[in-house]
Amino acid sequence: MTKILKCFLVILTFIPSLCFAVDDALFLELAKISEESIHSINPVTLDSNGDRVISDTLFISEKVSLDKPNEQSRMLKAKFQSYIERNKELIKQINSGEIAIPDGDLKLNTRLDLTNNQRFLESSYEDFTENKIEGNIHYYLTNVNDENVIISRTEIEEDLSGIKTLEVDLVMSNPDNILKNRLNLQGAVKRASVDNIRSIIRDIRTNNPTIKKVVAYVISPILESNYRRMGFETLFCL
């Protein structure tokens with residue numbers, strides 16, 4: 001989430017009984033979410049004919065905390081390095097025509113998705129280049145058959161009244177899965193962002209029940225649609 005938006009939310013905590021809307025931000029009251037709605041789900045993949053196939057296995061969730069240096073955080077740093085380079089390569093190949101996308105709108109949207117992904121990856125990578133040690137920053141990974149698909153960066157904030165909110169401030173994808181989904185290529189994995197946010201809510205309910213609200217900063221229409229189906233809303237009431 002942007003620093004401006006964070007400051008805006010802090011200011012509004014001093015104004016009681018107020019409802020407001022913030023562009024690109026979605027809000028969720030955890031008390032409204034049922035256990036049934038956050039169960040892990042099965043991935044959907046595209047086969048060689050472009051048909052959807054429901055996997056027999058569930059998504060696998062993983063959580064990496066930045067509270068101390070460990071093997072998990074070192075592996076995640078390496079994954080970010082790999083994604084950043086691969087993401088750059090795909091953008092370059094689209095621009096040069098090496099990856100041919102005849103439909104102009106599809107080409108534009110694919111490049112835009114990858115460009116936003118690049119910004120989010122590089123922003124998150126700063127956590128590791130700066131060697132941050134912060135117990136309130138966590139990364140949630142969603143994997144299929146040991147292959148990562150989605151990574152979300154979260155941060156826990158606490159207002160002056162002691163109420164904790166979890167912020168999902170960056171949601172990033174495996175660059176190859178962005179391309180495969182946009183072009184409907186074999187191996188594209190779908191529903192990963194749905195399982196990712198479900199895993200986040202399951203975790204905080206179990207391990208940090210003092211968190212009562214979740215705010216997600218989203219710019220992707222697909223991600224916004226998935227979050228709204230979970231119960232996220234634009235309007236937030238204090």
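The legends below describe close-up views of a predicted model. Residues are numbered from 1 along each chain as its sequence is written, and side-chain values use heavy atoms, with hydrogens and water left out. Because the model is predicted, local features need pLDDT of at least 70 and side-chain atom pairs count only at pLDDT 80 or more, while totals for chains, interfaces and linings use all residues.

**View 1. The open sheet of 6 strands.** The strand order is β2-β10-β8-β7-β6-β5, with mixed pairing. β2 (25-29) and β5 (60-66) are the edge strands; each has a single partner strand, so one side of each lacks a neighbour in the sheet. On average, neighbouring strands are turned by 25° against each other, direction ignored. Strands (E, at least two residues) and helices (H or I, at least four) are DSSP runs numbered from the N terminus, and two strands pair if DSSP finds at least two bridges between them.

**View 2. Strands β6 and β7, with the helices on the sheet.** β6 (residues 134-144) pairs with β7 in the antiparallel sense over 8 bridges. His-138 has Thr-154 of β7 as its bridge partner. Helix α5 lies across β2, β5, β6, β7, β8 and β10 (211-217) and runs at about 140° to β6. Helix α6 also packs on the sheet, where α6 touches β2, β8 and β10, and its direction makes about 20° with that of β2. Angles run from 0 to 180 degrees between N-to-C directions of axes fitted to C-alpha atoms, for helices over the stretch in contact; contact means heavy atoms within 4.5 Å.

View 3. Met-172 is found in strand β8. Met-172 counts as buried because its relative accessibility is 0%, the limit for buried being under 20% relative accessible area (1.4 Å probe, protein chains only). Leaving out residues up to four places away in sequence, Met-172 touches residues including Phe-80, Phe-120, Leu-121, Tyr-139 and Ile-151.

**View 4. The largest pocket.** Its volume is about 880 Å³. Of the 34 lining residues, Ser-173, Ser-193, Ser-220, Ile-222 and Leu-223 are the closest to the centre. α3 provides the largest share of the lining, 6 residues. By class, the lining has 17 nonpolar, 9 polar and 8 charged residues. A pocket is an open set of points on a 1 Å grid where a 1.4 Å probe fits, with protein on both sides within 12 Å along at least five of seven lines; lining residues have an atom within 4 Å of a point.

Methods: Grid points are joined across faces, edges and corners, and a volume is the space filled by probe spheres set on the points. Ala, Val, Leu, Ile, Met, Phe, Trp, Tyr, Cys and Pro count as nonpolar, Asp, Glu, Lys and Arg as charged, and the others, Gly among them, as polar. Buried means under 20% relative accessible area, exposed over 50%, partly exposed in between (1.4 Å probe, protein chains only).
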